[in-house]
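Good morning, colleagues. Please bring up the model on the screen, and I shall take you through two regions of the chain.

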Amino acid sequence: MKTLVLGAGIIGISTAWHLLERGHEVIVVDRQPDAALETSFANAAQISVSYCEPWANRSAPWKALKWMFDKEAPLLFRPQLDPEQWRWCLKFLAQCNDAAFERNVQQIVALGAYSHAALKDVVRATGIEYDRLERGIAHFYTDQAAFDAAGHAVDVMRRHGVQRRLVSRDELLQIEPAFRAYGDRIAGGTYTRTDESGDARVFTQALARRCAERGVRFLYGHDVVRLNQAGGAIESVAVRARTMGGAGTKDLQNLAADAIVVACGSYSAPLLRSVGVHLPIYPGKGYSATFPLLKAEGAPMVSTIDDGKKIAMSRLGNFLRVAGTIELGGYDLSLDSPLARARCHMLSRRIEEILPGVCDTRTPEEGGNPQYWTGLRPATPTNIPFIGRTRVGRLWVNAGHGTLGWTHGAGSGKAMAELISGERPAMAFGFLGMDAPRRGPAATALAA
């Protein structure tokens, strides 16, 4: 069976690998010159099965209102003259209740556990190295009230089989001694030993090379121009090489396949809408900074979440990756606006507060070399991605993973390949276009 995968991030490359494992002929198309150069490029580096609570909860609307005028807010809503943004927000509000939260957590955890096992299988089969640290993930609180409330999140995760547990400040500092200088401001935390961290870009690019060695055809530097629809199915996909510089039809290649998988992250939604498939996937702009280490012995080895600023930090060899914040404001990727600079500088300032002198957080003007980055996280109102078959023939989708693309990537790719091969993935998850198990009434309506 010939399958065309649109998108070469962690989702697309994982899909290609697992299709290849099942004997498919695979072509991957991406506009970038290599794999993992967009949303998968510089994320938080966490494989966080246990830290996957949906954004939508009973307190989210009030927090979003409170944060609207704070440039450093963890979640910043920037209203646009965009009907898709407002439709997405209304569906998000419909998920801000306890019943929806519990239902959504169940599926997110199921996909996370399935994906973590799939990732381990791929690593064993390929031997890929990617600054992997199997030290778990910790989460510390600087606010006593927030720590007191953390027990509820722990109970929710444990009900779904995740061994996340509350830890005192002293135990947290035993788990990760790097935070001792900041310890008097830590109220306590949580910890999950089974989680891990690693560089998503390095992994994805290495897996893409192995795919190419085994026969996957890569069309890097190619734009997807349109999906050619005929008779209720996708007949072919029109692509154009960016280097050609042309805009005429003579420059187009029309690629036909038995199955077409849209795995274009946030850009999946407009592409799917062009053929009448409407899925609520909206970009959430996230930021990261990668700092060289000045004192490697003082840097954390356990990937950690700072609840005060809602940022994650992960050790990647001789660097520290710090990432966080979500900005709902369209497809803006600028890093030089006043707002973007404020959010980047917040990451630098916070690291100096928590780990003083450990990283080189100087700006370029000060002689430093911080690697700031921004990417668009493809968010759904439920935080549950869309994986499965659309109502248009030959057209499949694997998108909407939000902040959990790295956590869910391997399993999403495996599940997609299984579905295309006529198999049923062994997990309780509501796959698009499948009869059961369903996502539940509210989530099913999202895909309508």
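P356 lies in the loop between α9 (338-354) and β18 (371-379); helices (H or I, at least four residues) and strands (E, at least two) are DSSP runs, numbered from the N terminus. Because its relative accessibility is 44%, P356 is classed as partly exposed; buried means under 20% relative accessible area, exposed over 50%, and partly exposed in between (1.4 Å probe, protein chains only). Its C-alpha atom is separated by 43 Å from that of A16, 340 residues apart along the chain.

A word on the basis of these values. This is a predicted model, in which local features need pLDDT of at least 70 and side-chain atom pairs count only at pLDDT 80 or more, while totals for chains, interfaces and linings use all residues. Residues are numbered from 1 along each chain as its sequence is written, and side-chain values use heavy atoms, with hydrogens and water left out.

I turn now to strand β20, residues 395-399. Five of its five residues are buried. In a regular strand the side chains alternate between the two faces of the sheet. Here L395, V397 and A399 point one way, and W396 and N398 the other.

Which strands pair with β20? Two strands pair if DSSP finds at least two bridges between them. Strand β13 (residues 259-262) pairs with β20 in the parallel sense over three bridges, with V261 as the bridge partner of W396. Strand β19 (residues 386-389) runs antiparallel to β20, joined by four bridges, and R389 is likewise a bridge partner of W396. β19 and β20 form a hairpin with five residues between them, and R394 in the turn has a positive phi of about 70°.
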